[in-house]
Amino acid sequence: MDDRRTPLARARGLGSAKEGVHHWWIQRLTAIALIPLVVWFAISLIMLSGADYAVVRAWIGSPLVMVMLILTIGIGLHHAQLGMQVVWEDYTDGALRVVMIVFTKFLAALFGLGAIVAILRIGLGG
Amino acid sequence: MSVANRPTHRPLSPHLQVYRLPMLAILSILHRATGIALSVGALYLAIWVICASASPQTYAAFQGFNGSIVGRFVLGGWLFSMFFHLCNGIRHLFWDAGYGFELKDADRSGWIVVIVSGIATVLSWIVGLALS
């Protein structure tokens, strides 16, 4: 490998964390996955207009819908926190940046897991 | 050149208060804005299924908010954000693959995104209101 950094820079170990490509790629991968999921979800939601509590629960609890909903919310939140990370990186600095990125990721994990548990509870009856 | 002889009409960089942003720039800003809105919307979606799993009363309270004026605006904005971010996201994926970079193509795909997401939003509302 051709390393053009000075010995001091190399010793400090600063520079790219080499996570950028992975972040970029996962953002695109989740984007592609979300195309059919979001179209399916939008159509379903429109069809559910005016549906009451029992109908909505029966819909969420059917096996195929459970799988599709968990995928939509899980991949959607993952894509969202990747995007929000870039937003924080662009507009904030220092400690605030770190705090907001960590907060965003924790929030996505919390709501994502909460939603998955809720969907399973409706479908599997708890 | 002395200060006195300097030409007076020198080009200025775009001044945001008087400069009309090109359509491409507006769409770029809108993509990020709708992305942020949808991030909050994803949490809202999670709250929806959590309320549905909790109890009829909790779900009724959630639906009560959706039915209010504020709720209607939130849902309407959410739906438009979703369609716009979806269409413009597909446009971005084409760019990522190396297609559509010519100004003429980017302009055309931009207008397609605006028209398709606008029609999809209006159509969803018409069908949704007809069903409810």
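I call two residues in contact if their C-beta atoms, placed from the backbone, lie within 7 Å.

**Entry 1: ground rules.** I am working on a predicted model, where local features need pLDDT of at least 70, side-chain atom pairs count only at pLDDT 80 or more, and totals for chains, interfaces and linings use all residues. Residues are numbered from 1 along each chain as its sequence is written, while chains are lettered from A and ligands numbered from 1 in the order in which they are written.

**Entry 2: chain B as a whole.** I looked up contacts in chain B between residues at least 6 apart in sequence, and 73% of them join residues at least 24 apart. Next I read off the pattern of chain B, which is α-α-α-α. That makes four helices and zero strands. Helices (H or I, at least four residues) and strands (E, at least two) are DSSP runs, numbered from the N terminus.

Why is chain B more spread out than a compact globule? Its radius of gyration is 22 Å, well over the 14 Å that the globule rule gives for 132 residues. I note that this radius is taken over C-alpha atoms, and that the rule is 2.2 Å times the number of residues to the power 0.38. Along the principal axes, the C-alpha atoms of chain B fill a box of roughly 80 × 35 × 25 Å.

I then checked burial: 23% of the 132 residues of chain B count as buried. A residue is buried if 20 or more other C-beta atoms lie within 10 Å of its own, exposed if 12 or fewer, and partly exposed in between.

**Entry 3: B:F94.** I found B:F94 in helix α3 (residues 69–96) of chain B. B:F94 is partly exposed, because it has 14 other C-beta atoms within 10 Å. Leaving out residues up to four places away in sequence, B:F94 touches B:Y99 and B:G100. From B:P56, B:F94 is 38 residues away in sequence and 45 Å away in space, C-alpha to C-alpha.

**Entry 4: where the chains meet.** I turned to the contact of chain A with chain B, which takes 30 residues from chain A and 26 residues from chain B. On the chain A side, α2 (20–47), α3 (53–61), α4 (63–91) and α5 (94–124) each supply at least two residues. That side has 21 nonpolar, six polar and three charged residues. Ala, Val, Leu, Ile, Met, Phe, Trp, Tyr, Cys and Pro count as nonpolar, Asp, Glu, Lys and Arg as charged, and the others, Gly among them, as polar.
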